[in-house]
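Dear colleague,

I am handing over the structure below, together with notes on what was found in it. Please read the notes alongside the coordinates.

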Amino acid sequence: MLGIFVIVIGAMSISGLEIEPKEHLVLPGANFSLKFRVDKELQYCRLILNATFSTEVNLSPKASKKGNIYYYGDGLENGECGVMIDNVTDDMDGVLTFQYSSPDSSQVSHTSTRLIVARAPDSIEFLIMKNNQNADESVTFLNGDQLTASCTVKNARPEANVTIYYDNVVMDVDVDNLMLKGEQQSSVAYYFNKTLTDSDDRKEVKCVVEHVTKPENHTFSRLILVKFKPLVSEKVHKKSENYINVTLAVQANPIMYEYELWHQGKILHKANDHVEITSITERKVKNGSESELEMLLRIKKINEPVSKILLNLTNAVGSTVYPIDLYVSTFSPDFGIGVGTYVLSVIALVMMA
């Protein structure tokens, strides 16, 4: 907690005194003290507090305490003037002005400093927008949508330190300062904009608000869900003794609900004159996430070599057709299995909506 502040300015000319730093931050309820020294005896020193609570106080070791404000220092005769304020309150936020003079001069000098009494934010609003429209937790996005994330802090003193993260990366933000109509209060909005792509699915937007009045940060977050048609992102061919495994990594949101195999311009249901599907199995990948599926297709050649089939993946957003080369010509008749048999393994990494 911010406590007592003691600032001493070494012996300076009575006419050229400036208090540094120009601002002093204190928490409500803390004690605040400040004093300065000039190079000669002071005849008097006076404090003028210009704030919601305004007052004037004669500062002298002999002067009576005025409320919770009184003299602080080693005596006017030693050129020192200062003030002690016990239990600072919110209405003391303002400007402290000291007026002082020496016995051998009729000139009155003055110096000022800003007293900032910290105040916690009245409210913090974290908002996600889709194409300039409010988007609650139920809203999903599409490729090309405009995402706006904002964090608005109302009536904090001093201003809060706000950081917005996207996918754990600190973002450059724009800042708007808004005075609230009819009130001596302000709202500060921090925001950033981004045009979304398929790769933004399930990335997190996070706003972290730090303020001197709070020992812990305020944190707000939202997972961005972007719908997109199935995308093939990886392909691996592996040849074993009796078959070839073709592995495809597929991403989609929402989860794929339909797939088809095509050969020579026709849907391959069970068999045609060249290819026969003897089995199709779907199962979860061992040690995989809930969104990983494995599709095993056992395909038997009937007549001429089969070089390519098409896999059509479809979800609510659209379809993707991916050609699968079976490389039948790589098989040797020495395998001794008569009619060639192949296993096609398709691993689909599908993102749940």
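To begin with one detail of strand pairing, Trp-262 has Ile-267 in β22 as its bridge partner; strands here, like helices, are DSSP runs numbered from the N terminus (E of at least two residues for strands, H or I of at least four for helices). Before going further, please note that this is a predicted model, in which local features need pLDDT of at least 70 and side-chain atom pairs count only at pLDDT 80 or more, while totals for chains, interfaces and linings use all residues. Residues are numbered from 1 along each chain as its sequence is written, and side-chain values use heavy atoms, with hydrogens and water left out.

Confidence and overall make-up

The average pLDDT of the chain (the predictor's confidence in each residue, from 0 to 100) is 78, and 70% of the residues score at least 70. In residues 285-292 the pLDDT falls below 50, and this stretch has 11 contacts (heavy atoms within 4.5 Å) beyond near neighbours in sequence. Residues 347-353 also have a pLDDT below 50, yet that stretch has 37 contacts in the model beyond near neighbours in sequence.

The chain contains zero helices and 27 strands. Of its 353 residues, 39% are buried, where buried means under 20% relative accessible area, exposed means over 50%, and partly exposed lies in between (1.4 Å probe, protein chains only). Among contacts between residues at least 6 apart in sequence, 64% join residues at least 24 apart. The accessible surface, from the Shrake-Rupley method with a 1.4 Å probe, comes to about 18700 Å², and carbon and sulfur atoms account for 48% of that surface.

Disulfides

A search of the whole structure finds two disulfides, a disulfide being a pair of cysteine sulfur atoms within 2.5 Å. The sulfur atoms of Cys-45 and Cys-81 are 1.9 Å apart, and with -85° about the S-S bond this link is left-handed. Cys-45 lies in strand β3 (residues 44-51) and Cys-81 in strand β6 (residues 80-85), so the pair ties together parts that are 36 residues apart in sequence. Cys-45 is buried at a relative accessible area of 2%, and Cys-81 is buried at 0%.

In the other disulfide, the sulfur atoms of Cys-151 and Cys-207 are 2.1 Å apart, and the torsion about the S-S bond is about -90°, so this disulfide is left-handed. Here the linked parts are 56 residues apart, with Cys-151 in strand β12 (residues 146-154) and Cys-207 in strand β17 (residues 203-210). Both Cys-151 and Cys-207 are buried. With the bonded cysteines numbered in sequence order, the pairing is 1-2, 3-4.

Nonpolar cores

A nonpolar core is a set of buried Ala, Val, Leu, Ile, Met, Phe, Trp, Tyr and Cys residues joined through side-chain atoms within 4.5 Å. The largest has 27 residues, of which Phe-36, Cys-45, Leu-59, Cys-81, Ile-85 and Phe-98 touch the most other members. Two or more residues come from each of β2 (32-37), β3, β5 (69-71), β6, β7 (94-101) and β8 (109-117), and the largest share, four residues, comes from β3. Apart from this core lies another, of 22 residues, among them Tyr-166, Tyr-190, Leu-196 and Ile-224.

Not counting residues up to four places away in sequence, Cys-81 touches several residues, including Leu-34, Phe-36, Cys-45, Leu-59 and Phe-98. Strand β2 is mostly covered, with five of its six residues buried, and β2 pairs with β6 in the antiparallel sense over six bridges, Lys-35 having Gly-82 in β6 as its bridge partner.

Best regards

Conventions: Two strands pair if DSSP finds at least two bridges between them.
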